[in-house]
Amino acid sequence: MAIECLVLGAGQEVGKSCVVVTINGKRIMFDCGMHMGYDDHRRYPDFSLISKSRDFDHSLDCVIITHFHLDHVGALPYFTEVCGYNGPIYMTYPTKALAPLMLEDFRKVLVDRRGEEEQFTSLHISQCMQKVIAIDLKQTLQVDDELQIRAYYAGHVLGAAMFYAKVGETAMVYTGDYNMTPDRHLGAAQIDRLELDLLITESTYATTIRDSKYAREREFLKAVHECVAGGGKVLIPTFALGRAQELCILLDDYWERMNLKVPIYFSAGLTIQANMYYKILISWTSQKIKETYATRNAFDFKHVHNFDRSLINAPGPCVLFATPGMISGGFSLEVFKQWAPCEMNLITLPGYCVAGTVGHKLMSGKPTKIVLDKDTQIDVRCQIHQLSFSPHTDSKGIMDLARFLSPKNVILVHGEKPKMVSLKERIQSELRIPCYLPANCDTVHIPSTTYVKAHASNAFIRSCLNPNFRFLKRSKEENSDQVLRNTNSTAPLQVNDERVAEGILIMEKGKKARVVHQDDLLLMLRQKKHDIQFGYCCAAQLDNLEETGDRDGALSHSDKCSCLQLLFKELSNYFSGVNIQDLGEHLQVESFQVSVCLKDNCPYRIIDSPRKEAATIFFCCSWSAADEKLAREIISAIERFNLSDNLPCKNSK
Amino acid sequence: MEHHLLHICLQSLKDNNNPPSLQALASLRSLIINPNTSDSTIYSILETLTHSLQLSTNSLTTHHHILKLLTDLASQRTHLSSQILNSIHSSSLLFTESTQIAAESLTSLASFSNSDQNKIDDQLFMSLCFAATSASARLRLLRNGERLGIGTHMLFTVFLGFTKDPYPYVRKASLDGLLGLCKSCDLFEDISVTEGCYCRAVELLQDNEHSVRSAAIRVVCEWGQMLIAAKEGNDKIAQSNQVFVQICSMVRDMSVEVRVEAFNALGKIKLVSEDILLQTISKKVLAILKDKNSHGQCTAERFEILASSYAGAFMHGLEDEFHEVRKSACNSLRIHTILYAEFARRSLSLLMDMLNDDSMAVRLEALEALHHMATFDCLNVQEIHMHMFLGSLLDSCDLIRSTARKIFKLVKLPDLKLFRLSIHGLLQNLERYSKDEADVFSVLFFMGRSHGNFAAHIVKEVSQEIEPVLEGQLGLDSARVAAFLVLAISAPLSQNQNGQIIPPRLFSYAVTLLGRISCALSEVVDQDTLLAYLSQCSRSSTLGAEVEVESLLPVVDDVVLNRTKKDVNNPVEAPMLQTGNETSKVQPVTSCELEYLATSIVECQADELDEVMKSVNLILARVRDAWLLVQSRCTNVALRALRDCKRELAMLTSTSLESSGAMAFTLQYLQVMKLFAKIWEHAVWKIRSNETGGLEYLFGKLDMRLRELRYRYIGFSTEEELYVLELIAVACILRLSKVEISCSPTTMKKLSAIISHIEILNDKGSIEPSNILMDAKKTVHEIESSKAGISCSLFLITNLDDFFTLKQFSLCSRVRHINAELNVPGNDSENPLRFVSGLPVAIPLDITLYNVSSENRLWLTMRMSEESTQFVFLDLNILGGCNEVKKFTFMAPFYRTPKACSFSLWISIGMECALEDCHILKHCGGPRRDLVYLFQEKEVHLCLVRRG
């Protein structure tokens, strides 16, 4: 069994996220986005790769959408209504509510402003949305008998989720876009520790490590406060969803604390409508908002009022939120024209502006004049403050998530290639997890864990129920005394619970696999338990023996004893810390036994003919596998001994 | 009714074939928990239950119910508990096949008795643990392990083994058990055992269950600290770093509980290398650290991996979504900020940003951390911080504002610009919240005094605003003007106020606001002193009066600083508790600990005695500062400071006799200084000169304390002994200087004796005699030569001032405390000793003597009333020599038993003051010299033997 991962979009690029994953035969499409940078066929993922016959209903088991951004949901109406996919589509409740708004808005822009041919109609959008099944956070949904999916909170935008999918024992997580640090209105991504074969994660900021957001907040508040304190007006062009709410909560809170009376305005339109969604979907916001919800809805801003066009030139300071974010047109441009020429005023710019917009011009250097068209010129004398809030996680966040989940494989999508390469290297070297960066239309094959069901015998189950721990003591030398030890350093004292180790897996042809207890096995096989003993007959030199002993080498009983005693003495001297027992016929150390060998051709002897010039005495040794190391040490010691040195006193008589 | 109910129940229970019905058991329970149920009924219930407990036919649930009933019974009728205990013990339950039942029985045992009562066999416990197939039984056993009185080693083995259990709750219970065991750490002398346990906990940090992970963090922290304690020198810091880094790896956990636990633990690790700390507040791996490591042990790559595991740990904590985590992170950060300047500088920016947090508790915690830094003089505010910092002065929450102002009192600003910004912020605070006036004034006063130059600048700038307009109308009701005046009057008190002249008329303006200002500054000066100071300054046309000014109001910065240092714990922590659900679980660190900590980097190997001595000397140094307050007539403030010292002293713990000697000495010294302070008020400032009686009382008490100081401690160095003697001399001089008290010859005699003694010591140690003694000596000679009743007011008290100011007393030798403990075993008002009127009675006494040598003459005093005291000489030679600690039982005879039904004796042990003059004996056989008592009198109750 394996996981097969086909990347249709966002492979080594940002835009049109779409990944088709096949797990144990089940096919899931994660996200169905469009690329905003292209107008041709590259705008949509190449769906034909999924099925040549374009029979998507049979080739896909489900589609999962992580959040409502167009690069994640933009191609969905096209896929369902034009390409004809009719299978289930899953997304969270807020995404289901907000996605049609975004799609409709986009369609209008395409058709109304650019005059392009529309790819899908409003009807398509609403029909597509009817096929959507909404899912709640941490709700486990059984798509069919085998496929299970679950959504986890991802931060990023309202309703964004990471998805967990499991078929059989193979499991994976697709993160979509996520944020590991909370902001004022959304929480940080939150997921359980899962056993995963694969993690597919975004990597927008694959190399950036962001500093504390508090510094940015502080600068923003300081700029705004100083401006209004000086009687100026502040224009905050924002996108309708997300940033506007975050900044507004920040300001509202600050106003409340500082007891400021300067009015904050929201321009009418989408922003107000979006606020309504936020108010309904409280459970998808940050902890703080959820906590205070009982007393006050944080989106019922205390200091925020609706803006009226007549207020543009009203005297006195104020703060205004207006769409669109990049001052590309609309109300924010209208206000900008009025306020830009005054030094007291302040314009804040979002982190990213598309080239060609007023926002982009303001960001690149500080122009004194902006030419809108040949009739309109705007003097820019106001202050400009650049915001750099981003709802994506930084590289540290990606690493932290990967470290926490410890999946068996990682695939990076939704990023720029050079940065992804460096992140891939970090994941492989620091976390030791294989990592892949497929390009669009590439397929990655990943082996997955295979599980075999096995019967367990009663004895095995019983032995599993009872604790059976033992302590192992490691020798000190193995411990490195580094200043900073790795997290998985070897402990000097280890606890082992060998319940499972006592089981034996039996796989016979044609029968189901079984796990039995050690004792069962003997019964089953009608065999007795055997212990492995090692034997070795080693020679020790005995120079002076010829003076008294028989020349032919046969030792008498008393000689045998004295030899053994000599050996005992030598060994005791040599291995001072080891407990050596003298049991008359043989010496014993742990399971190691040594006795004098009198046989002429002992089967354990390797040198079969003793050298004649020096008398040699043989010791037969036996030991069990556990004491292998000790035995080798003792034997090499015996072979090195020259017992003669200690003999003379007795022999001189 | 009761009997009826009982009858039915018992019938049902006695039916051996059927298990008792639930209904019957429920009725029994109602009987048991009813306090009015008669004893006989209870007994029969107990009997029946005990009986049915033995039955083997019972099912598991029945056993469960019966055990529950017995437990209830034991808790309701405590006198029966031992009986119930026995019945459970004797029942075969503990040895049954079903470990479930056995475990439950053990749990019930543990629930109503303490550990020594129900010591169960270690073997039994072990076998139960191993036999317990159900996780819940194991859980019960592990949770009650400690209460069942199992041996520590056995428990340790079991706990450690069960950390491998497949059930997370069992793993958690065993970790909790290990945590509990670490208190009895002396049992584990073998460091490898500690290490093994620590490493096992480290492994469990990766557990899948969050409750296990957080328990593992606690174990890693506590056992890690044991490991740290066991290491010496550089190893100690290395170990400390290792534990710290280990816990840092948990701060990115997905569970809030685990994160909070991790940050709590981070705050407990005290010594961490600076480079590691610096890395924890930067998410990027710092380049400097890489360089530093280049000659270290790890390869560059490995180091980077390691560093990235704890990089930005605190940053993440401060950015966390949950305020509990942020708060805990702030608290831990605070512990570490004071150790390294660079770390303090960098973490300051983070803490300043926390002032913008949306949770009040977090903001307060951040301010608290800043205050802590300011106290330890490592708060270097930069301009970039000012916006947030000043913002907290305008916060809508009172508590935040007052805590912020507390920091401003201590803060040291580098330049005029920041000073101006701060003053502006304070004025805005005043403008917006007029109720803060007093506190703002006080802050301005403190700030002006510590930044005299800047304050003078500001005052010069705004003098236009202060000056009355043409019509002579002063804008004095404006709080703003009053604030500037406070700033103006504080400037001359500054040390770095060089040449900037405050126009004297400003002082006279300030006089008109005397009430308002003195009320705000009541903590620092009283109204009279302030008035004196203001009028003095307003008269002098130039600041040539500077010297006088200082003598008038020499409020020294250190004193204030010391005082506020002690405030670290109390005033802010207390309101913290009121914030309800956001209360901190983190223990506040006492200032003593912190002071120790600040120096401990250098001397982490110092032994316990040295630590105590160090703390003691810190306290002694403060006494001197407090004395400066006495001289500036702020007696109440001084007394408060002394009391704080005492409180702090009480917080020190001593384990050895030597350190407890030093502490006892310091306590005594503090008491003496308190008395001196009080007497000074009478005798020198003459504030309450008409209360001669009170003064006499104070003198009496002082004499006694000084005598104790002199005789109850041994092992003084010459300097220390000299100092004590000089204190006695000063007391004599003070007494003599008081005209109202007759210039008694005894005091004169005592003084001359002391002086000659001091001279001997001076000669011996070739030390210059102090001025005060030279003067005293001269005067004593004059008086003695004249032999007439010359007024003793000849003594010049001015020198006395210098005595306390100049002499910095510190304790360096190992002082031992002569002490005694006395007990009358088994005697109280309920159980009096019996006596027969007119016949002697023997009183058995358990006496423990500390540091008494055979030269000391000890007397047992037995006082029945004021007049009749009986002395018994304790001959130490007969009682068997002297040791450092000597324990013995002594039968004290009391002869004059009165004709009364009962009476009380007050028993004490006194020691003769060897160097004091002999007195004329009052009682035959009594002591010849004055006694110092070694402990408070003990009351012994006696009662007449009843006849028949």
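**Entry 1: Ser174(B)**

I began with Ser174(B), which is found in helix α10 (residues 168-181) of chain B; helices (H or I, at least four residues) and strands (E, at least two) are DSSP runs, numbered from the N terminus. The model is predicted, so local features need pLDDT of at least 70 and side-chain atom pairs count only at pLDDT 80 or more, while totals for chains, interfaces and linings use all residues. Residues are numbered from 1 along each chain as its sequence is written, chains are lettered from A and ligands numbered from 1 in the order in which they are written, and side-chain values use heavy atoms, with hydrogens and water left out.

Is Ser174(B) buried or exposed? I found Ser174(B) buried, at a relative accessible area of 0%; buried means under 20% relative accessible area, exposed over 50%, and partly exposed in between (1.4 Å probe, protein chains only). A polar atom of its side chain lies 2.8 Å from the backbone oxygen of Val170(B) and 3.3 Å from that of Phe162(B). Not counting residues up to four places away in sequence, Ser174(B) touches Leu142(B), Phe159(B), Phe162(B) and Thr163(B), where contact means heavy atoms within 4.5 Å.

**Entry 2: Lys283(B)**

I next looked up Lys283(B), in the loop between α15 (274-280) and α16 (287-293) of chain B. Lys283(B) is buried, with a relative accessible area of 4%. Its side chain makes a polar contact of 3.1 Å with the side chain of Glu319(B). A polar contact is a pair of N or O atoms within 3.5 Å; within protein, one must be able to donate a hydrogen and the other to accept it, and residues adjacent in sequence count only if both atoms are side-chain atoms. Leaving out residues up to four places away in sequence, I noted that Lys283(B) touches residues of chain A, including Thr181(A), Asp211(A) and Asp394(A), and residues of chain B, including Met315(B) and His316(B).

**Entry 3: the interface**

I recorded 72 residues of chain B in contact with 64 residues of chain A. The area buried between the chains is about 6200 Å², of which carbon and sulfur atoms give 55%; buried area is the accessible area (1.4 Å probe) that two parts lose on being put together, summed over both. Between chain B and chain A I noted three salt bridges, a salt bridge being a side-chain nitrogen of Lys or Arg within 4 Å of a carboxyl oxygen of Asp or Glu.

Which chains does the pair of Asp358(B) and Arg184(A) join? Their side chains meet in a salt bridge (3.8 Å, N to O). Asp358(B) lies in the loop between α20 (341-354) and α21 (360-375) of chain B and Arg184(A) in the loop between β10 (170-174) and β11 (198-202) of chain A, so the pair joins two chains. Asp358(B) counts as buried at 17% relative accessibility, and Arg184(A) counts as buried at 6%. Both belong to a network of salt bridges that also links Glu217(A), Asp253(A), Arg326(B) and Asp357(B).

**Entry 4: salt bridges in chain B**

I looked up Arg516(B), which forms a salt bridge with Glu437(B), the closest N and O atoms being 2.9 Å apart. Arg516(B) lies in helix α29 (residues 514-520) and Glu437(B) in helix α25 (residues 437-450), so the pair ties together parts that are 79 residues apart in sequence. Arg516(B) counts as partly exposed at 27% relative accessibility, whereas Glu437(B) is buried at 18%.
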